[in-house]
Amino acid sequence: MNFSKIKVLKDKVLSGGSVTYEETVQLALTENIEDLYYSANQIRAKFRGDKFEMCSIINAKSGKCGEDCKWCSQSIFSKSKITEYEHFSKEEAVKIAVSNRNKGVERISLVTSGRKLNERQLQEMIDIYDAIHKACDIKLCASMGLLTLDQLLKLKQAGLSRYHCNLETAPSYFAQLCSTHKFEQKIQTLEAAKQAGLQICSGGIIGMGETMEQRVELAFELKRIGSKSIPINILNPIKGTPLENQPPIGSQEVLTTIAIFRFVNPDADIRFAGGRNMIKIIESEALRTGINASIVGDMLTTAGSCGIDEDKKKFQNEGFRV
């Protein structure tokens, strides 16, 4: 695809139109990658401006997950050595939330391992949210698996405004990575979250052996379900998981994926997420290719790529308001 065709598609998106799946695949295969990246950044500037959103997560229930997701070290099928615990300290959660809010982080999420929480576990999480809400004005999010509508309504009543459930990969590829639950169950959870009055956050992991066409497929599925917060994780092959020997994804593939996600989802917050340590050499380029948000601080079972203050300075140096 040449520069003029890229410009035609960019102008169509800027004027409120949409690209098709076929057009997006052609964008992803273009050799004019600098034109693609520049155009994606223009789309970001038009629809999201220069505001940059930082959020953070707390690993509130770690390990002993009965699901067999091939990328995850928290699965009981994984041989990875991680810290496992059922409960997270309410006091420590409040301390983290207040510290993060003071550093400019807008939203914090409690993340729990396992298919979903039982009612006792859910109430324990709600108690933590209540304590955080009383301590500071940070926005609240949750990532707690395949919850029911009733459970999601309880989270909404506890002050949450957003629920996270990653689709992880394309519908056509998901079954090759997980057999203990189905892609459709994730869709049902996200639809229930919307029914409960919550915003939804959903993205995926790239570099798990999927094709570029399947990344395009994922981008369109995220558009279809209305995800306006899209975390893009880069696979960090963790020893002991089935994907521990997966070859790392190339820098150009990462940037191209970010760009096509921006073309397909022009008004979404597309955010750095897990695996940032894998792409540190291209982070500045990624911030000029469509990224406008990030998870900061530590991830679930891996350390963050740098401190929140350092991240904030980096985003500001690229012209964003944090």
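## Salt bridges and a helix pair in close-up

The predicted model holds 22 salt bridges, a salt bridge being a side-chain nitrogen of Lys or Arg within 4 Å of a carboxyl oxygen of Asp or Glu. In this predicted model, local features need pLDDT of at least 70 and side-chain atom pairs count only at pLDDT 80 or more, whereas totals for chains, interfaces and linings use all residues. Residues are numbered from 1 along each chain as its sequence is written, and side-chain values use heavy atoms, with hydrogens and water left out.

**View A. Packing of helices α5 and α6.** Helix α5 (residues 119-135) packs with helix α6 (residues 149-157) at an angle of about 15°, their axes lying 10 Å apart. The two helices are therefore roughly parallel (angles under 35 degrees; over 145 is roughly antiparallel, 65 to 115 roughly perpendicular and the rest oblique). Axes are lines fitted to C-alpha atoms, for helices over the stretch in contact, and angles run from 0 to 180 degrees between N-to-C directions. Helices (H or I, at least four residues) are DSSP runs numbered from the N terminus, as are strands (E, at least two). On the α5 side, E119, L122, I126 and Y129 meet Q151, K154 and L155 of α6, contact meaning heavy atoms within 4.5 Å. By class, this contact comprises four nonpolar, one polar and two charged residues. Here Ala, Val, Leu, Ile, Met, Phe, Trp, Tyr, Cys and Pro count as nonpolar, Asp, Glu, Lys and Arg as charged, and the others, Gly among them, as polar.

**View B. The salt bridge between E119 and K154.** The side chains of E119 and K154 form a salt bridge with an N to O distance of 2.8 Å. This pair links distant parts of the chain, E119 in helix α5 and K154 in helix α6, 35 residues apart. E119 is partly exposed at 39% relative accessible area, and K154 is partly exposed at 30%. Buried means under 20% relative accessible area, exposed over 50%, and partly exposed in between (1.4 Å probe, protein chains only).

View C. R215 pairs with E253, their closest N and O atoms being 3.0 Å apart. E253 lies in helix α9 (residues 251-264) and R215 in helix α8 (residues 212-225), so the pair ties together parts 38 residues apart in sequence. R215 is buried at 4% relative accessibility, whereas E253 is partly exposed at 35%. Within α8, R224 and E221 lie three residues apart, about one turn of the helix, and their side chains meet in a salt bridge (2.8 Å, N to O).

**View D. A salt-bridge network.** Salt bridges link R276, E283, D311 and K314 in a network.
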